[in-house]
Amino acid sequence: MILKVEELNRVVQATILPEEASLSNAEAFKEEMITIIGNGVRLVIVSFENVNYIDSSFLGSLVVALKYAMPRNVDIYLVSLKPDVKNLLTLIRMDKVFRIFNDYEEALGTLS
C-alpha cells in the first residue's frame, strides 16, 4: 500500500507515502487509485507532500487513473507538490490536465 487514504462525504484524500514516485510503485499506485475510484467517490485529492521525485511510469499511472475516473464523473486533484515535481508537471503540461492546488484546504474550497 503506497497511499494513506481518508474519505469524508465521497471525497478521498490520498497521500502518496514513498518519497520516490517511480516504476517500483507505479503499478501499485494505479491499482489503489482504480479501487478508490471504483468505490463511488466524487473526488480524489492526491497529495504529493512526501514525493521528492516522480518518473514517467508513475505519471503514466496517474493518467491511467484519470482515464478511469473521467467516465465515472470522478475528479482527481493534485496537492502539495514540491517545486521540482510541480515544475516537471508544468513543463510537460500536466497542469492543463490535472487541477493543482497548494494544499487540501485550497482544493476543498472549490467544492460547492
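Residues are numbered from 1 along each chain as its sequence is written, and side-chain values use heavy atoms, with hydrogens and water left out. Because the model is predicted, local features need pLDDT of at least 70 and side-chain atom pairs count only at pLDDT 80 or more, while totals for chains, interfaces and linings use all residues.

Helices (H or I, at least four residues) and strands (E, at least two) are DSSP runs, numbered from the N terminus. Five strands form an open sheet in the order β1-β2-β4-β6-β7. The pairing is mixed; two strands pair if DSSP finds at least two bridges between them. β1 and β7 are the edge strands, each pairing on one side only. On average, neighbouring strands are turned by 25 degrees against each other, direction ignored. Axes are lines fitted to C-alpha atoms, for helices over the stretch in contact, and angles run from 0 to 180 degrees between N-to-C directions.

β1 and β2 run antiparallel and are joined by six bridges. L8 stands opposite V11 of β2. The two strands form a hairpin with two residues between them. N9, in the turn, has a positive phi of about 55 degrees. R10 lies in the loop between β1 (3-8) and β2 (11-16). Its phi is near 65 degrees, a positive value in a residue other than glycine. R10 is partly exposed, with a relative accessible area of 45%. Here buried means under 20% relative accessible area, exposed over 50% and partly exposed in between (1.4 Å probe, protein chains only).

β2 also pairs with β4 (residues 43-47), in the parallel sense and over five bridges. V11 stands opposite L43 in β4. T15 has S47 of β4 as its bridge partner. β2 is mostly covered, with five of its six residues buried.

Helix α1 (residues 23-38) packs with helix α2 (residues 56-69) at an angle of about 15 degrees. Their axes are 8 Å apart. The angle makes α1 roughly parallel to α2; angles under 35 degrees count as roughly parallel, over 145 as roughly antiparallel, 65 to 115 as roughly perpendicular and the rest as oblique. The crossing is right-handed, the term for a near helix turned clockwise from the far one by less than a right angle, with anticlockwise giving left-handed. Residues making the contact include F29, M33 and I37 of α1 and F58, L62 and A65 of α2. Contact means heavy atoms within 4.5 Å. By class, the contact has 12 nonpolar, four polar and two charged residues. Ala, Val, Leu, Ile, Met, Phe, Trp, Tyr, Cys and Pro count as nonpolar, Asp, Glu, Lys and Arg as charged, and the others, Gly among them, as polar.

S22 lies in the loop between β3 (20-21) and α1. S22 counts as buried, at 9% relative accessibility. Leaving aside neighbours within four places in sequence, S22 is in contact with Y53, D55, S57 and F58.

V85 belongs to helix α3. At 2% relative accessibility, V85 is buried. V85 touches F48, V51, N52, Y53 and I54, not counting residues up to four places away in sequence. V85 and D55 are 30 residues apart in sequence and 9.6 Å apart in space, C-alpha to C-alpha.

R93 sits in the loop between α3 (83-91) and β7 (99-101). R93 has a positive phi of about 65 degrees although it is not a glycine. R93 is exposed, with a relative accessible area of 53%.
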